[in-house]
Structures are given as C-alpha cells and as structure tokens.
Amino acid sequence: MRRFALRPAVLWCVVACVFCALCEHVNWYWPHTSDQVGYFLAGNAFIHGNWRLHGWALTAPNVWTSEIPLAGILSAAWSAFGHSPISPRLLMLQPAIIWTTLVASLLALVRMRFISAGQRWGATLLILVLFAIPLLPTPTASFVTLSAIHLATVIYGVWALHHAARYLQTGRRGYLAAGGLLLGLGILGDPLLQVTGTLPILLFCGYRLGQGQGEWQRASILATVTLCVAALAPVLLSLNQATGGFLVEPISMQFVAWQDLGGTISTVLHDILLTCGGDPFGHSMRDGLLSCLRLGLFGLCLRGLCKGPQGGKPSTVAHGKDPFVELLLLAAFCDVASLLLSDRVSSEGFSIATVRYLFPGWAALSMVLALTCAGRKLVLALAAVTLVLTVRADAQMIARPVPGFLHADDGPLLEDLLREEPSLGIGSWWASLIYEMGSGGRITVLPAITDGSGHIGPFQHIHEHMTFDILKGRPFFVLVPTPTETYDEAAVLRTFGPPSVRRQVGRFVVLRYSGL
C-alpha cells in the first residue's frame with residue numbers, strides 16, 4: 001500500500017523536474033542584467049561564511065532569506081563538481097527553481113482544499129493557464145526569468161496566509177507559529193510582504209473583531225502575533241546593519257503626485273492585462289487573438305467569482321470556516337491599491353517593468369479564481385482551449401536556437417576583453433557584473449558612476465564595498481558605452497588621465513591603463 005501511495009508523489013516530482021528544466025531553457029531567451037548577477041554574487045559570499053553579508057549594499061527587497069541563499073547553495077554544489085562557482089547556467093537555473101517552487105505551492109494550496117478529484121483537476125487547469133504557463137511572447141514572461149523581483153516573496157506570502165487561515169479555522173498553535181515564522185522571513189527579504197501579507201491579515205482580523213463573528217479570540221491573537229512579527233523584522237534588519245551586516249539602500253515611501261495619477265492608473269491597468277497575458281493592444285489582429293482569448297477567460301473567471309459557487313451550492317472554501325479566499329482577495333486588493341497610490345510607477349517612468357510589483361496579487365487572484373471556478377464547465381472548457389493554444393505559441397518560440405548568455409554587442413565584447421585586455425576593469429552598472437558572470441569569473445569589472453565633481457567612482461549598489469585602490473599597480477581597462485550610461489569618456493579622462501590604448505569595440509570604447 002505504501003508503494004502505491006508514493007506513486008503520485010514520485011510522479012509530481014518528475015513533473016516538477018521537467019517543468020524546472022523547461023523554465024531553465026526558456027530563461028536563455030532573455031538578456032539578464034547586473035542586478036541579477038549582483039544578488040547571485042551575494043549568494044556566493046553568503047555560502048562561504050559571510051552570511052550577514054558584511055560590506056555589501058543591497059536594495060530594499062534584499063532577498064536575503066530567499067534568492068541569495070539559494071544562489072549560494074547552487075554555487076557550492078556546482079563548484080563541488082569541479083566547475084566555476086560563477087556560471088551563467090546557475091543564473092538561469094536559480095529563477096527556474098523559484099518559479100517551479102511557486103507554481104508547486106499554488107497547486108498544493110488549491111488542491112488540498114477540494115475533496116472531489118474533478119474539482120482538484122479543474123483547479124489545477126486554472127492555475128496552469130492563469131499563472132504557471134505565461135504567454136512567452138508577452139513582456140511579462142521576461143520578468144519571470146530575472147528572479148530577485150518579489151517571486152520568492154510570493155512563496156512566503158501565500159504559505160503565511162494559508163497558515164493564518166488554518167489557525168483561524170482550527171485554533172492550533174502550530175499554524176500560528178508557522179505562519180508568523182514564514183511572514184517574518186518573507187518581510188526580512190522584501191518589505192512588499194508588509195503590504196501583501198501583514199495588511200490583509202490585519203484587515204481580516206479587524207473585520208472579524210468588528211463584526212463580532214465567532215472565535216474572536218483567535219482573530220485577536222493572530223492580529224497581535226502579526227503586528228509583532230511585522231515590527232520585529234525591520235528591527236532585526238536594522239540590528240544586522242548596525243552590527244556590521246549588509247546595508248539596505250533607503251527607499252522613499254510617498255503618495256503619487258496628483259499630476260501623475262492618470263499615468264499611474266493607465267500603467268497599472270496595463271500591468272494587470274500583462275499579468276494575465278491579455279494585452280492585445282498594439283498587435284495585429286492575428287497576433288492579438290490569443291491575448292484576447294486569455295483576456296476573455298480572465299473576465300469569465302471574474303464573472304464566476306462574482307456569481308459565487310455553481311448552482312448556489314455552498315463551497316467549503318469560499319463560504320465555510322476556511323477564510324483563505326478572503327485573505328487572498330484582500331492580498332490582491334492591497335497589492336493593486338498600494339501600487340496605484342504610491343509613487344513607484346511614476347518614479348520608474350511609467351514603465352511596464354512595474355508589473356513585477358503585481359506578482360503577489362497575480363498569484364493570490366489566480367488561486368481565488370481557481371478555488372471558485374473549479375466546478376464551472378464553461379470556464380474549464382475555455383481554459384483547456386486557452387492552455388493548448390498558449391503551449392503551442394510558447395513551443396514555437398522556444399523551438400528557436402538558444403542564444404548565448406550575452407546578447408547583441410555584449411558577446412563579441414566579452415570575447416575581445418578575454419583575448420586583449422587585463423583581467424580587471426571598470427564598467428557602467430549595466431556593463432560590469434554581467435561580464436564577470438559571462439566569463440565564469442575570469443575577469444572582474446567594477447561598476448562605476450559619475451560623482452558630483454565630474455570624476456568617476458565606485459557604484460555601491462548590489463555589490464560588496466569597494467574602492468579603486470585595488471587598481472594601484474595593476475593594469476586595467478575602462479568600458480565607455482554608447483549611448484552614455486552611468487558616466488562618459490570625459491569623466492574617465494578627468495579621473496585617470498589619458499589611456500595607453502584606446503580602441504573601439506562595437507558600441508564600446510575600451511580604454512587601457514597600466515595602473516594608478
């Protein structure tokens with residue numbers, strides 16, 4: 001009997017491995033940047049004993065409790081087989097593992113809430129089409145490959161909400177402790193979880209207390225624990241920083257300016273369409289048909305959510321003692337509302353890159369729709385058709401030859417640097433760490449930026465603290481890209497004087513110096 005019971009688990013593990021391998025393959029189709037490399041290098045430092053990342057400067061979403069340790073584990077395992085711990089393949093594998101784990105989490109959380117096998121498979125189908133398998137030609141898909149952009153936050157968040165719901169349902173202290181721990185670990189790595197995890201729990205507990213609904217003691221205890229965890233996590237980060245750990249770059253928290261409100265609303269609406277793969281705008285009728293189909297499925301699911309369970313039958317999820325759906329809806333609402341009201345969209349130039357802030361809400365709403373529409377035959381029929389067409393469109397894309405790790409001019413430049421230049425250099429932020437990763441650690445390119453005096457200095461961003469003293473007595477090169485990025489050639493000449501060699505390689509000017 002035990003052997004038969006293990007078969008589904010083994011089958012799911014095999015499916016997860018295949019899915020992860022496909023994700024790793026897909027990741028090669030989009031260029032990566034120094035942001036992702038910086039976090040990966042932090043993971044390498046983490047696994048070699050510097051787990052508090054002394055001397056490092058990280059962004060507010062520091063991913064200290066998620067992507068960084070994962071990168072360190074991958075780096076150590078890879079080097080144990082005799083390979084370089086800095087490898088482009090690992091940079092591709094890391095987000096594939098994160099995405100696979102996130103998809104597996106969503107599937108587990110919705111499947112465990114159904115008794116009927118038909119509803120479990122219906123919910124599985126909806127998770128696959130609404131979340132797990134995005135339409136790859138859309139801009140949203142590329143953000144999935146980048147990792148370190150709130151994806152692991154979603155994993156912590158959904159499991160924290162699950163345990164909060166289970167505690168309210170059963171009163172078991174184990175659920176309370178597990179939920180608090182998950183919430184705390186998630187907040188340590190990304191303050192966005194305060195919005196998509198802490199706030200939904202507090203709002204729901206406040207509603208329960210205000211309505212005088214049953215088990216008010218559980219709601220008050222959960223709210224108290226959540227508040228304590230939400231307050232303790234930032235304190236621990238501050239203590240880590242004050243006692244020699246990594247520095248967290250400050251992030252401004254302010255409301256959107258009135259004159260930017262219209263652009264913010266338009267961008268957020270566009271981001272919502274991108275998350276569901278339903279953005280036909282700007283495409284031809286032929287290319288936009290699948291996007292329209294996905295948008296129609298999303299709308300049909302929302303209609304099913306508003307109408308309630310099929311046939312008016314009570315749902316053990318939406319109308320029973322388990323408040324998971326309500327918590328998820330609050331999480332999705334808080335995510336969208338915070339993006340609409342904050343200046344994050346305007347501060348990033350109304351870029352569609354802000355879609356990454358909606359990943360927690362996207363996951364939460366996908367689970368809600370899967371839980372409430374798993375028994376609707378029309379929805380499932382449309383979902384099946386949409387999934388088949390999406391897989392077909394994605395297969396056509398990934399059937400193309402896989403490009404190298406560095407795209408466009410970056411590949412030939414790296415080959416030239418390895419052949420002609422010393423192993424130490426300086427580059428702009430976007431033309432620095434990416435070459436260190438591409439070379440497998442054979443060259444080091446320090447990121448630099450123009451300072452207030454018109455000279456260039458080290459750019460302390462997702463990087464270990466550094467100075468240009470390392471250049472003393474050593475030959476080095478400086479990359480000057482066109483168009484100008486974080487500095488220009490004049491700033492380099494003011495800082496280091498005339499070079500011994502000046503060469504043009506593609507869009508880059510390469511300046512060689514014999515040392516400081």
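The structure is a predicted model, in which local features need pLDDT of at least 70 and side-chain atom pairs count only at pLDDT 80 or more, while totals for chains, interfaces and linings use all residues. Residues are numbered from 1 along each chain as its sequence is written, and side-chain values use heavy atoms, with hydrogens and water left out. The largest nonpolar core has 121 residues, and the largest pocket has a volume of about 1100 Å³.

**Nonpolar cores**

- A nonpolar core is a set of buried Ala, Val, Leu, Ile, Met, Phe, Trp, Tyr and Cys residues joined through side-chain atoms within 4.5 Å, where buried means under 20% relative accessible area, exposed over 50% and partly exposed in between, with a 1.4 Å probe and protein chains only.
- Within the largest core, the residues with the most contacts inside it are Leu-53, Trp-99, Leu-126, Met-367 and Tyr-435.
- When neighbours within four places in sequence are left aside, Leu-126 is in contact (heavy atoms within 4.5 Å) with residues including Phe-131, Cys-301, Leu-369 and Leu-380.

**Strands and their pairing**

- Helices (H or I, at least four residues) and strands (E, at least two) are DSSP runs numbered from the N terminus, and two strands pair if DSSP finds at least two bridges between them.
- Three strands form an open sheet of mixed pairing in the order S2-S1-S6, with strand S2 (247-248) and strand S6 (463-464) as the edge strands, each of which pairs on one side only.
- Strand S1 (residues 56-58) runs parallel to S2 and is joined to it by two bridges, and Leu-58 has Val-248 in S2 as its bridge partner.
- Strand S9 (residues 508-513) is largely enclosed by the rest of the structure, because five of its six residues are buried.
- Six bridges pair strand S7 (residues 476-481) with S9 in the antiparallel sense, and Val-480 stands opposite Val-509 in S9.
- Strand S8 (residues 501-505) also runs antiparallel to S9, joined to it by five bridges, and here Arg-502 stands opposite Leu-511.
- The hairpin of S8 and S9 has two residues between the strands, and in this hairpin Gly-506 takes a positive phi near 60°.

**Pockets**

- On a 1 Å grid over the protein atoms alone, a pocket is an open set of points where a 1.4 Å probe fits, with protein on both sides within 12 Å along at least five of seven lines, and lining residues have an atom within 4 Å of a point.
- Grid points are joined across faces, edges and corners, and a volume is the space filled by probe spheres set on the points.
- The largest pocket is lined by 39 residues, and His-150, Ile-251, Arg-344, Arg-356 and Tyr-357 lie nearest its centre.
- Helix H2 (34-47), helix H6 (139-146), helix H9 (192-211) and helix H13 (324-341) each give two or more residues to the lining of the largest pocket, with the largest share, four residues, coming from H13.
- The lining of the largest pocket divides into 20 nonpolar, eleven polar and eight charged residues, where Ala, Val, Leu, Ile, Met, Phe, Trp, Tyr, Cys and Pro count as nonpolar, Asp, Glu, Lys and Arg as charged, and the others, Gly among them, as polar.
- The second largest pocket has a volume of about 670 Å³ and is lined by 31 residues, of which Phe-19, Leu-22, Cys-23, Ala-132 and Ile-133 lie nearest its centre.
- H1 gives the most to the lining of the second largest pocket, with nine residues, and by class this lining has 25 nonpolar, four polar and two charged residues.

**Individual residues**

- Ile-133, placed in the loop between H5 and H6, lies 257 residues from Thr-390 in sequence but 7.8 Å from it in space, C-alpha to C-alpha.
- His-463 is found in strand S6 and is buried, with a relative accessible area of 12%; leaving aside neighbours within four places in sequence, His-463 is in contact with Gly-55, Trp-56, Ala-57, Leu-433 and Pro-447.
- Ser-291 lies in helix H12 (residues 285-307) and counts as buried at 4% relative accessibility, while Thr-386 is 95 residues away from Ser-291 in sequence and 9.5 Å away in space, C-alpha to C-alpha.
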